[in-house]
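Subject: Structure for your review

Dear colleague,

Please find below the structure that I am handing over to you.

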Amino acid sequence: MDPRTCTLSPALCLSLALLLSACASAPPDDYRPRLSQQLEETLTPADIQAEVDFGRHVAASILGRMDGLDNDAVQRYVNLVGQTVARASRRPELDFYFYVLESDQVNAYAAPGGYVFITRPALALMRDESELAAVLAHEIAHVDQRHIVRALDIGATGSDAGLAQLMGGASETTRVVFDQAVDQALSILFEKGLERQDELEADAQGAILLASTGYDPGALRRYLDRVHESGTDQHAELSGTHPPFDVRLAALDRQLHDEGLTGLDYPRLAERFRDRTQP
Amino acid sequence: MRSIRRHRLTRVGFVLPLLALPALADEYHNVNQIVGDRALGMAGAYTAVSDDPAGLYYNPAGLVYATADNISASVNSLQYRQIQYDDVLDGQYDWERTSTQLLPNFFGVMQTVGPFKVGLSSSTPDSVSENQDQQFEDFGSVDRYIINLNREDVRYNFGPGIAYELNEQFAIGLTLNYHYRVFESNINQYVRFNDDTLEWLNTYLETKEHGVRPKLGFMWSPADKVAIGLSIDQTLVLSSNTHYQSARCRTGTGSSGCDADGEEAVPEIQTFNDVRLYPVQVRTGIAWFPNPALLLSADMIFHTGAGATENDDIIVFSEREPTLDVALGAEYYWTPRYAVRGGVFTANANTPELELGKTFQDPHIDIIGLTTSLSRFTRDSSITMGVMASRGEGESQLFGDLKNLVQDTTVMDVSVFLSTSYRY
């Protein structure tokens, strides 16, 4: 409501305007958490090891579902680009691995602990190296933020402590729960998707990772726009496990503008990308 | 009309005709024990915060903003209380009542169940334990005067609560507590006069109440980093049982023997089933969360008045006046591992100010208190240690039928509390 065009009394108009503008303020979940909750983010060596071990099992299950691309040069190139971006990750304690999968779908996946996969059709839709780096950065951000670990329903919580207990257990019950957790992670990756907020967070952090690494921070926005415009069935899975394209594109536009990341003449490296991915 | 809380200790011409029983009880204040973990450190300014199990007590709507799916909190306090009445006997001898008690201040748990937050809490919102053992000699016409008083008054609340987030700005919650209160008082007084006559009085009073205390809470986030809370509750007594017995025995020329509460009858236990009326409590609070390290909050706590409960010509529970109290609190984290809290609160008397010329007046003492606490956090838990201190000055009329005699009264309360909280 604009007080200048309001036909009620000035005081009432101003009050309503303040009230309505207030209603658009940040939700309580954003400002209520206290500083002590940063400790919940603190990971012990056992937590980290559990995350890596769990991610390795999830990655093995993914490779059990899909073949890898039989092209060592492309695999090496993708891994090299991924390692470059991962150097700016918030999780220096993790070793990241990047692998191209044979699939009909346009998508990319990140298992906990640093295991990142991208499908061949997703690679085929890219125009330059910055777009490849952008997609990998988005997946690295999922690992950074432990989105999968948090989404797991282990002992009524998705805590890292719960995962460590699960990995350390030797009983039959623990093994059953562990298998269920792996299935749940695969379900999140291939069917349900992560929370919308997690995906938007990964987009945002991915753009920062790109800029930190020296790639064009608008690369993900260009790539998503192209996937959206392609209008083929190939991106059906990506649509099913991620927020709508218009939501992601609008959020990226806002972020790039707010953080001054538009109009930067950062490298895209189209020629090198073509040389390395199109033999 | 007489009150069962006034007890006769009489002898013609003696200075102590009537003794008021609970000279300072927390029934004369609506704000008593401050319960909760963080809430205690913040002096109870918690209605707009309430985002942990203590919200079940202050404002159940706040539970929807709990930052973990499962939280439990437990608080225990060690309380010392001292009440001093100036110049009670012969214009020069003070009375002093003290108590030390270990209280289960609060225990609460909460969980996420679908779209709801549910919880269970047990709290002790009011507890008094008083002891007086004093002996005075050779004043006025008295050779020896001994008073022994023991009194306990504890109120327990126990029950479930539920909260639901209507949208990003509004939440609603409900707590339904079971109310149990037990009051027990025993007074013995012995007087030997200079003429070798004796007078002895014994009074016993016990009340047990059962009831419910529903609390409805609302939480509104009207602006960025600001929350406003509102909660309304009232204790409704469903059944009450009061036993009262008073006996006086004396020796002397022409008036030897025993009677009941000043009446010429054999002492007997009287039973009353009349219920006490409790005020409606309306708590409003505002909290400001400028950053993750700082939190400031303020509460206004309004209690309506409550009518007296009478049985024929006997006042079983006396009338209470409306009160308005405030609490201000702050919380500051200087690292993620340590937080300090502080606050100030009032506990105003729900009785009228005393006036000379009137009889049987309840004590009127306004109290102000300070709280502070220090918490240490780990990833899943916290431990807290804190102190609460309060002091009040006012007047009492210990001998209810002496209309021109009131006593300056000072109450001091110091509590040390320990609490733990676990998130999982």
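In this predicted model, helix 6 of chain A and helix 10 of chain A cross in a right-handed sense. Helix 6 spans residues 129–144 of chain A and helix 10 spans residues 196–213 of chain A; their axes come within 7 Å and cross at roughly 125 degrees. The two helices are therefore oblique to each other. On the side of helix 6 of chain A, the contact involves A:Ser130, A:Ala133, A:Ala134, A:Ala137, A:His138, A:Ile140, A:Ala141, A:His142 and A:Asp144. Helix 10 of chain A contributes A:Asp198, A:Glu199, A:Ala202, A:Asp203, A:Gln205, A:Gly206, A:Leu209 and A:Leu210. Sorted by class, this contact of helix 6 with helix 10 of chain A comprises 8 nonpolar, 5 polar and 4 charged residues.

Helix 6 of chain A also packs against helix 4 of chain A (residues 72–86), at an angle of about 60 degrees and with the axes 9 Å apart. At that angle, helix 4 of chain A is oblique to helix 6 of chain A. The crossing of helix 4 and helix 6 of chain A is right-handed. From helix 4 of chain A, the residues in contact are A:Tyr77, A:Val78, A:Val81, A:Gly82, A:Val85 and A:Ala86, and from helix 6 of chain A they are A:Glu129, A:Leu132, A:Ala133, A:Leu136, A:Ala137 and A:Ile140. The contact of helix 4 with helix 6 of chain A has 10 nonpolar residues, 1 polar and 1 charged.

A further partner of helix 6 of chain A is helix 11 of chain A (residues 219–230), where the packing angle is about 95 degrees and the axes lie 8 Å apart. Helix 6 of chain A is thus roughly perpendicular to helix 11 of chain A. Here A:Ser130, A:Glu131, A:Ala134, A:Val135 and A:His138 of helix 6 meet A:Ala219, A:Leu220, A:Arg222, A:Tyr223 and A:Arg226 of helix 11. The residues of this contact of helix 6 with helix 11 of chain A fall into 5 nonpolar, 2 polar and 3 charged.

Helix 11 of chain A also holds a salt bridge. The side chains of A:Arg221 and A:Asp225 meet in it, at 3.9 Å from N to O. Because A:Arg221 and A:Asp225 are 4 residues apart in helix 11 of chain A, about one helical turn separates them. Over all chains, the structure holds 33 salt bridges.

Turning to the interface, 26 residues of chain A are in contact with 35 residues of chain B. About 2,400 Å² is buried between chain A and chain B, and carbon and sulfur atoms give 56% of that area. Of the area that chain A buries against chain B, A:Tyr31, A:Arg32 and A:Arg34 supply 32%, more than any other three residues. Between chain A and chain B the count is 1 salt bridge. A:Arg32 forms a salt bridge with B:Asp51, with the closest N and O atoms 3.2 Å apart.

With kind regards

Conventions:
Residues are numbered from 1 along each chain as its sequence is written. Chains are lettered from A and ligands numbered from 1 in the order in which they are written. This is a predicted model: local features need pLDDT of at least 70, side-chain atom pairs count only at pLDDT 80 or more; totals for chains, interfaces and linings use all residues. Side-chain values use heavy atoms; hydrogens and water are left out. Axes are lines fitted to C-alpha atoms, for helices over the stretch in contact, and angles run from 0 to 180 degrees between N-to-C directions. Angles under 35 degrees count as roughly parallel, over 145 as roughly antiparallel, 65 to 115 as roughly perpendicular and the rest as oblique. A crossing is left-handed if the near helix is turned anticlockwise from the far one by less than a right angle, and right-handed if clockwise. Contact means heavy atoms within 4.5 Å. Ala, Val, Leu, Ile, Met, Phe, Trp, Tyr, Cys and Pro count as nonpolar, Asp, Glu, Lys and Arg as charged, and the others, Gly among them, as polar. Buried area is the accessible area (1.4 Å probe) that two parts lose on being put together, summed over both. A salt bridge is a side-chain nitrogen of Lys or Arg within 4 Å of a carboxyl oxygen of Asp or Glu.
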